[in-house]
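Please keep the viewer open as you read, and take the points in order.

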Amino acid sequence: MSQSLFSSASLQVPTASNVGVLSAAASGLDRFITDQGGDLDLVFGRAGIDPERLRHPTLSLALPNYCQVLEEAARQSGCDNFGLRYGQQFQPRALGLLGYVGLCSDTLEEALKNFAAAFPYHQHSTLIRLVDCGECYRFDYQVRHGAILDRRQDAELTMGMALNLMRHVLGADWTPRAVAFEHERPEGWQEHSQAFGAPVQFGRPCNFLLLPKGDVHDKAMPERDANLLFLVQDVIRRLGEQDMRPSLLEEAGTQIRLALALGEPSLEQIAERLELTPAGLQRRLREENLSFSQLVEQTRRELALHYLRQRQRPISELAPLLGYSETSAFSRAFRRWFGVSPRQWRGDER
């Protein structure tokens, strides 16, 4: 096997409890936060992440915490394009198992297909696919976890990782045909065009790279290794036998978010969507030390902060999005949660 690629740590098998994203996705994150002027203790503390887990690439992080640490790093460091810059320096082999799936493939086209097929075992609740669009492939990526509302930094990081896999083979000057992001255009959007060397669109339904087929077809991977690829894919197939489904809390939170736009969600309504009885849902929530009303309130708090960070959205529009019939009811709840009004909170965040 190729010694330049293989390391025993990268091929350890995660356990069934590792539902989320493998820590390899955060390789070098602590150093990068520091380099951008961020406070590690503050960033990791707010995101609920134990920095020690980052030193073990086959341990997992909860996906909401992983996305949150990237958002917190951007806010706390003052680097709005944190994910974009982190992704630019993130090399494929740092992804461990997933990186080796790409690097050991025979051609770049096969690398992209193998990468997309293996990705669900690296990170759950995520869409990733290679779509045939005629003369181009479209490489789609989107987090679809109901508890994750702010995911811009993760999207820009992942598109940068995919770009680096392409440039590993095609050279540092290679550029895609086009790039798209689902989030709205940030202030520093010119940096995105410079990073990808291509037109960048914002506010699209999904994040994607558009890749000319002629660039990837029959383009040999420089470190291809059929034996190591077989070994890595065998490990990934065994991971597929483990339970990678979202937890009940994640699923319940997703259903509550969907229901809030129609008003106050009821226990019976959410239980039916989860194919549980009301008593069964209450019992499962008690096992998590939560009541249904506490989960609804927790979900509302998270959504309120998410919408308030969208400064173009008027505060007067938030109440119905959170299931309140009147703005005054939302304002009272917000003061109870955070000790200030929504308007004061938004002003303090500037």
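**Notes on helices, loops and cysteines**

1. Let's begin where two helices meet: Y66, C67, L70, E71 and A74 in α3 touch R152, Q153, D154, L157 and M161 in α7, where contact means heavy atoms within 4.5 Å. The names come from DSSP: helices are H or I runs of at least four residues, strands are E runs of at least two, and both are numbered from the N terminus. Helix α3 covers residues 63-77 and packs against α7 at an angle of about 100°, with the axes 8 Å apart. That makes α3 roughly perpendicular to α7. By class, this contact of α3 with α7 holds 6 nonpolar, 1 polar and 3 charged residues.

2. A word on what you are looking at. This is a predicted model, in which local features need pLDDT of at least 70 and side-chain atom pairs count only at pLDDT 80 or more, while totals for chains, interfaces and linings use all residues. Residues are numbered from 1 along each chain as its sequence is written, and side-chain values use heavy atoms, with hydrogens and water left out.

3. Axes are lines fitted to C-alpha atoms, for helices over the stretch in contact, and angles run from 0 to 180 degrees between N-to-C directions. Angles under 35 degrees count as roughly parallel, over 145 as roughly antiparallel, 65 to 115 as roughly perpendicular, and the rest as oblique. For the classes, Ala, Val, Leu, Ile, Met, Phe, Trp, Tyr, Cys and Pro are nonpolar, Asp, Glu, Lys and Arg are charged, and the others, Gly among them, are polar.

4. Now pick out L70, which is found in helix α3. Is L70 buried or exposed? L70 is buried, with a relative accessible area of 0%; buried means under 20%, exposed over 50% and partly exposed in between, using a 1.4 Å probe and protein chains only. Leaving aside neighbours within four places in sequence, L70 is in contact with L29, F82, Y86, Q153, D154 and L157. D154 lies 84 residues away from L70 along the chain, yet their C-alpha atoms are separated by 6.7 Å.

5. The partner helix, α7, runs over residues 152-170. Its 19 residues reach 27 Å from first C-alpha to last, close to the 27 Å expected at 1.5 Å a residue, the expected span being 1.5 Å times one less than the number of residues. Of the 19 residues of α7, 17 are buried, so the helix is largely enclosed by the rest of the structure. Just after α7, G171 takes a positive phi of about 105°.

6. Two other positive phi values deserve a look. Most residues other than glycine have a negative phi. S125, which is not a glycine, has a positive phi near 55° and sits in the loop between α6 (108-122) and β3 (126-132). D218 is not a glycine either and has a positive phi of about 60°; its place is the loop between α9 (213-216) and α10 (226-239). S125 counts as buried at 19% relative accessibility, whereas D218 counts as exposed at 59%.

7. Further along, helix α14 (residues 292-308) packs with helix α16 (residues 327-338) at an angle of about 100°, their axes 11 Å apart. That makes α14 roughly perpendicular to α16. From α14 the contact uses E297, R300, R301, A304, L305 and L308, and from α16 it uses F330, F334, R336, W337 and F338. This contact of α14 with α16 has 7 nonpolar, no polar and 4 charged residues.

8. S341 counts as buried at 13% relative accessibility. Neighbours within four places aside, S341 is in contact with F334 and R335.

9. Finally, the cysteines. How many disulfides does a search of the whole structure find? The search finds 0, a disulfide being a pair of cysteine sulfur atoms within 2.5 Å. The sulfur of C136 is 7.3 Å from the closest cysteine sulfur, in C133, which is too far for a bond. C136 is buried at 5% relative accessibility, and C104 is buried with a relative accessible area of 2%.
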